[in-house]
Amino acid sequence: MNSFQSRLQRYTNRKFFRYGVPFLLLMVGGSFGLKQFAQLRYTFSKKGTLTPEEAQRFGLDMKKPEDVTLETEFEKIKTIDIDNWQPVRGPRPWEDETLAPVGAKPAGH
């Protein structure tokens, strides 16, 4: 028993066992732990695309891919008047849903 304690004490005084062994255990153990977390990423990312039939079941109206083109969207944007506009501040969560006109001071101030 005494020889075991003296051997153990001799090994624990060496720098490799004080710093190297814990470092190696951390690296090897960390790789196994990281493997488990990375596996979660691939386990829960197996989601398919939403088909038009499934979208209709959920109450969504999807357009056909050939109906939405760059040219049709550009034509919609060309009709928007971007020169005449006013900034409108949306309501804060603690305010009413009605919007006050721009420049109006809040009541009570």
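How many helices and how many strands does the chain have? The chain has four helices and zero strands. Helices (H or I, at least four residues) and strands (E, at least two) are DSSP runs, numbered from the N terminus.

This is a predicted model, in which local features need pLDDT of at least 70, side-chain atom pairs count only at pLDDT 80 or more, and totals for chains, interfaces and linings use all residues. Residues are numbered from 1 along each chain as its sequence is written, and side-chain values use heavy atoms, with hydrogens and water left out.

**View 1. The chain as a whole.** The order of elements from the N terminus is α-α-α-α. Of its 109 residues, 2% count as buried; buried means under 20% relative accessible area, exposed over 50%, and partly exposed in between (1.4 Å probe, protein chains only). Accessible areas come from the Shrake-Rupley method with a 1.4 Å probe; for residues, only the protein chains shown count as cover.

**View 2. The nonpolar surface patch.** Tyr11, Phe16, Phe17, Phe23, Leu24, Leu26, Met27, Val28 and Phe32 make a nonpolar patch of about 930 Å². Patches are made of residues with over 30% relative accessible area and no salt bridge, where like charges are joined within 9 Å and nonpolar side chains (Val, Leu, Ile, Met, Phe, Trp, Tyr) within 5 Å. Helix α2 (residues 15–43) contributes the largest share, eight residues. Val28 lies in this helix and counts as partly exposed because its relative accessible area is 48%.

View 3. A salt bridge is a side-chain nitrogen of Lys or Arg within 4 Å of a carboxyl oxygen of Asp or Glu. Glu73 pairs with Lys76, with 3.3 Å between the closest N and O atoms. Both residues belong to helix α4 (residues 70–78) and are three residues apart, about one turn of the helix. Glu73 is partly exposed at 29% relative accessibility, and Lys76 is partly exposed at 42%. Glu75 pairs with Lys78, with 3.5 Å between the closest N and O atoms. Glu75 and Lys78 also lie in helix α4, three residues apart, about one turn of the helix. Glu75 has a relative accessible area of 43%, so it is partly exposed.

**View 4. The salt bridge of Arg89 and Glu95.** The search of the whole structure finds three salt bridges, one of them between the side chains of Arg89 and Glu95 at 3.4 Å, N to O. Arg89 is partly exposed, with a relative accessible area of 43%. Glu95 is partly exposed as well, at 33%.
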